[in-house]
Amino acid sequence: MAIEALGLQETFENCLRSLRPGGTLSSLGVYSGKLQVPYDAFAAGIGDYKIVTTLCPGGKERMRRLMLMVQAKRFDPMPLLTHSFKLDQIVEAYDLFGSRRDGVLKVAIRP
Amino acid sequence: MQTMKATVFHGPNDIRLEELPRPRAGTGEAVIRITLTTICGTDLHILRGEYPVKPGLVIGHEPVGVIEELGEGVTGYKVGDRVLVGAITPCGQCRACLSGQWAQCGHGEGIEAVGGWRFGNTINGAQAEYLLVPNAQANLAKIPDQLTDEQVVLLADIASTGFSGAESANIRIGDTGRFCSGTDWLVRNGGRKVDGRFLHHRRGKRSCSDGNVEANGRGRCARSNRRRCRCQNKEAHQRRRRRGDRSARTSGDF
């Protein structure tokens, strides 16, 4: 099993090359341009590979379940919020997030 | 007319904070006052002109807020309720939604790729003071009192997407996993950057900090049999390199 979470040729191909025969490549990335599947990475089509893609399940039931997981301390998303900005500073926040400076992962934006 | 501040896309590398009319809730809709939101890697694609949206659109799709106005037909909620709304807003009625494909909503018609993604894509989004929520009955998720806005804001998109990657892969106990990305989301103590090295999948108990991991079902690195190890084994690295199996040291958005 390999999870691709960026949407680049490199990450897709690395995932494909990590698979055992019969393995699954699960891709979350959003791609642009051309995505190629080299025949050797693809075992020429005889590797029984599965490639699945996912966008982002939405709706209140999905959100309820995710919130339950946080409440039950199964995982904690808080460490990912590394920076905080007012909505008034949104252009500045985009600049920081886009440049990946200062160890930024996700920015909190508060109106 | 009441107005609000909102982040408006005008063209590649041109976003501005502007005053816009505040939305009003129609039938089946709700308006929430945003209390917390964030910026997604996808928003950067929009900003850079790599993903096309219409100029004039309010961007952002990760809303946490308080119900300000409820349209006709929305029941079980009251003004003032704290709510989380997913990045993708399924209608709950179409063939995709009722087939359990919660991201491919066709809005009452059929199935449409990316059809479920509306905030900051086809309708005004969350980087604003107020947000119109379509199909509110299917999309307003009340936040338990015990949870803060900060604890839930990342569930709208990246947590739902991240877990979905593991769910879609149909991971089972004892499977070996690799995660290729700019950041490590699924392992415990999320937030640590791993540059796409090998990792345990989310059902593993620990990640190996070097990533040279075969899940052995007890949350230990198969190579060192430690819960946390660095696996600084040159030979192993060389072996991997010979296999052409370089780590995906990528730089990208997350």
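The model is predicted, so local features need pLDDT of at least 70, side-chain atom pairs count only at pLDDT 80 or more, and totals for chains, interfaces and linings use all residues. Residues are numbered from 1 along each chain as its sequence is written, while chains are lettered from A and ligands numbered from 1 in the order in which they are written.

**Confidence and layout of chain A**

- Chain A has a mean pLDDT of 92, with 100% of its residues at 70 or more; pLDDT is the predictor's confidence in each residue, from 0 to 100.
- Helices here are DSSP runs of H or I with at least four residues, strands are runs of E with at least two, and both are numbered from the N terminus.

**Where the chains meet**

- On the chain A side, 55 residues are in contact with 74 residues of chain B (contact: C-beta atoms, placed from the backbone, within 7 Å).
- At least two residues each come from β1 (2-4), α1, β2 (24-27), α2 (60-71), α3 (90-99) and β5 of chain A.
- Helix α2(A) gives the largest share of that side, eight residues.
- By class, the chain A side has 34 nonpolar, eleven polar and ten charged residues; Ala, Val, Leu, Ile, Met, Phe, Trp, Tyr, Cys and Pro count as nonpolar, Asp, Glu, Lys and Arg as charged, and the others, Gly among them, as polar.
- The chains also share strand pairing: β5(A) and β3(B) run antiparallel over two bridges, and Ile109(A) sits opposite Thr37(B) in β3(B).
- Two strands pair if DSSP finds at least two bridges between them.

- Met63(A) lies in helix α2 of chain A.
- Met63(A) counts as buried because it has 26 C-beta neighbours inside 10 Å (buried: 20 or more other C-beta atoms within 10 Å of its own; exposed: 12 or fewer; partly exposed: in between; C-beta atoms are placed from the backbone).
- Setting aside residues up to four places away in sequence, Met63(A) touches Leu84(B), Gly86(B), Ala141(B) and Leu155(B).
- Met63(A) and Val91(A) are 28 residues apart in sequence and 28 Å apart in space, C-alpha to C-alpha.

**The core**

- The largest nonpolar core has 88 residues, and those with the most contacts inside it are Met67(A), Ala30(B), Leu84(B), Leu131(B) and Leu155(B).
- Strand β3 (residues 30-38) of chain B supplies the largest share of this core, five residues.
- A nonpolar core is a set of buried Ala, Val, Leu, Ile, Met, Phe, Trp, Tyr and Cys residues joined through C-beta atoms within 7 Å.
- Beyond its neighbours within four places in sequence, Ala30(B) has contacts including Ile67(B), Leu70(B), Val74(B), Val133(B) and Leu140(B).

**Chain B**

- Chain B has six helices and nine strands, and buried residues make up 50% of its 254 residues.
- Of the chain B contacts between residues at least 6 apart in sequence, 57% join residues at least 24 apart.
- Three strands of chain B form an open antiparallel sheet in the order β2-β1-β4, with β2 (14-21) and β4 (57-58) as the edge strands.
- Two bridges link β1 (residues 3-11) of chain B to β4(B), and Val8(B) stands opposite Val58(B) in β4(B).

Notes. Contact = placed C-beta atoms within 7 Å.
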